[in-house]
Amino acid sequence: MNIDPKLHEWTPEFTAWRRDFHAHPEIAYQEHRTAALVAERLTAFGLEVTTGIGGTGVVGTLRNGALGHGGGNRAIALRADMDALPMDEVNDLPYRSQNPGRMHGCGHDGHTTMLLAAARYLAETRRFAGTVHFIFQPAEEGGAGALRMLEDGLLERFPFDAVFGAHNDPTLPVGTLSASPGTVNGATDDIMIELTGRGGHAARPHATIDPIVAGAQIVLGLQSIVSRRVDPLDSAVVSICTFHAGSATNVIPETATLSGTIRNLNGAVQNRLAREIPAMIEHLAQAAGVTAAITYERGYPPVVNDAGMARFVAERAATVLDAADIRTTLPPTLGGEDFAYYAQRRPGCFFRIGQAGAATGAVPLHHPRYDFNDAILPIGAAIFAAIAAGEPPA
């Protein structure tokens, strides 16, 4: 690897920052402590700092050379997410979560730290030309913080020509990076279904309209959406993940509630599923004699990397990592990412940084024993800095 010794020298400090974030996780739009620390550090580095974008978002701006002062239009954005997950941590770590029901189970504490580290490095070395906007975003975990920042005038207030973001990847070894063109993350919609029948004694089912049987028929029927309504060459997942009904073994309940997630890799498929899934539920409910109240929430669109920007990231990463350790053909994941909203507005690349080491870093994302691997803090910082130092394709 080719990493400036300065970043290695600062790594103990970066590690302390990351572990402090880890110990004080905050969920969507509640990232007040995190945002305040981010703003404080960016200010100390000498950046122009704006807070409160999209709620708790922070933007730091760094300019260097004529292009950064109106002499040209080269401006890029580098993005990190700040929020944690609403889950309990079971790790026995000195820096484990101090907030019950809150945990950095996806590594956003590390993403925030890597981008802070890159900002410090670029502010000190000035090894770039133009303008770099460092976006520290709230509410990636289902809260659409990216969209909220854009609706709050992010592009108008901090114009940029290209945007880049990173995520740690516990399935890839330390020292590797994935920057693939095209779709890299899936669309994520949610559905909630409330079925209402007629309750009664379990010994007299003929006098009831059983919402549990209707719900079971709906769960099974929805599986035919993927097998019979979606092109086999496309990808889709329909998963009903909760089913709540009843309170006694001898009572057929009046209601049942179900909820789940719908994932796919194609915006057209996402639109089709949003039409056909509620229609199928209505038909199945009607056949069973129950009424169905359906809430279908459109989630994040797919993340689609611009081919030129993906190639650019791979080229810039090759100045930091061994070229053999840069992947450009990894298959997409059906995990969602609201970086998609940035990539819809400007050419962008969302890339993955391997974090699986010999002793740490391989626990899956969203697992109660997950922990970000601090060994990749200087790697991520160096890659962000290398991107800023390059010239993205027009």
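View 1. The structure shown here and in every other view is a predicted model. Phe 339 is likewise buried, with a relative accessible area of 0%. A pair of aromatic rings is described by the distance of the centres and the angle of the planes. For Phe 339 and Phe 350, the ring centres are 5.1 Å apart and the planes stand at 35 degrees, so the pair is tilted. Phe 339 belongs to helix 9 (residues 339-345) and Phe 350 to strand 16 (residues 348-356), so that the pair links distant parts of the chain, 11 residues apart.

**View 2. An aromatic cluster that includes Trp 10 and Phe 45.** Trp 10, Phe 14, Trp 17 and Phe 45 together form one aromatic cluster. The count of aromatic pairs, with ring centres within 6.5 Å, comes to eight. Phe 14 is also among the residues of helix 1 that meet helix 10, as shown in the next view.

**View 3. Packing of helix 1 against helix 10.** Helix 1 (residues 5-23) packs on helix 10 (residues 377-389) at an angle of about 110 degrees, and the two axes are 9 Å apart. That angle makes helix 1 roughly perpendicular to helix 10, because values of 65 to 115 degrees fall in that class. The crossing of these two helices is right-handed. On the side of helix 1, the contact is made by Leu 7, His 8, Thr 11, Phe 14, Thr 15 and Arg 18; on the side of helix 10, Leu 377, Pro 378, Ala 381 and Ala 382 take part. Sorted by class, the contact of helix 1 with helix 10 has six nonpolar residues, three polar residues and one charged residue.

**View 4. Ala 139, a residue with positive phi.** Ala 139 has a phi near 55 degrees, a positive value in a residue other than glycine. The loop between strand 4 (130-137) and helix 4 (145-151) holds Ala 139. With a relative accessibility of 0%, Ala 139 counts as buried.

**View 5. His 366, in the loop between strand 16 and helix 10**. Although His 366 is not a glycine, its phi is positive, at about 65 degrees. The relative accessible area of His 366 is 40%, and the residue is therefore partly exposed.

**View 6. Ala 129 and its contacts with Asn 64 and Arg 74**. Ala 129 lies in the loop that runs between helix 3 (108-125) and strand 4. Its relative accessibility of 39% places Ala 129 in the partly exposed class. When neighbours within four places in sequence are left aside, Ala 129 is in contact with Asn 64 and Arg 74. From C-alpha to C-alpha, Ala 129 and Ala 75 are 9.0 Å apart in space, while 54 residues apart in sequence.

**View 7. Thr 329 and Gly 182.** Thr 329 is located in the loop between strand 15 (326-327) and helix 9. This threonine is exposed, with a relative accessible area of 71%. Thr 329 and Gly 182 are 147 residues apart in sequence; their C-alpha atoms are 9.8 Å apart in space.

Methods: Residues are numbered from 1 along each chain as its sequence is written. This is a predicted model: local features need pLDDT of at least 70, side-chain atom pairs count only at pLDDT 80 or more; totals for chains, interfaces and linings use all residues. Side-chain values use heavy atoms; hydrogens and water are left out. Axes are lines fitted to C-alpha atoms, for helices over the stretch in contact, and angles run from 0 to 180 degrees between N-to-C directions. Helices (H or I, at least four residues) and strands (E, at least two) are DSSP runs, numbered from the N terminus. Angles under 35 degrees count as roughly parallel, over 145 as roughly antiparallel, 65 to 115 as roughly perpendicular and the rest as oblique. A crossing is left-handed if the near helix is turned anticlockwise from the far one by less than a right angle, and right-handed if clockwise. Contact means heavy atoms within 4.5 Å. Ala, Val, Leu, Ile, Met, Phe, Trp, Tyr, Cys and Pro count as nonpolar, Asp, Glu, Lys and Arg as charged, and the others, Gly among them, as polar. Rings of Phe, Tyr and Trp (its six-membered ring) pair if their centres lie within 6.5 Å; planes under 30 degrees apart count as stacked, over 60 as edge-to-face and the rest as tilted. Buried means under 20% relative accessible area, exposed over 50%, partly exposed in between (1.4 Å probe, protein chains only).
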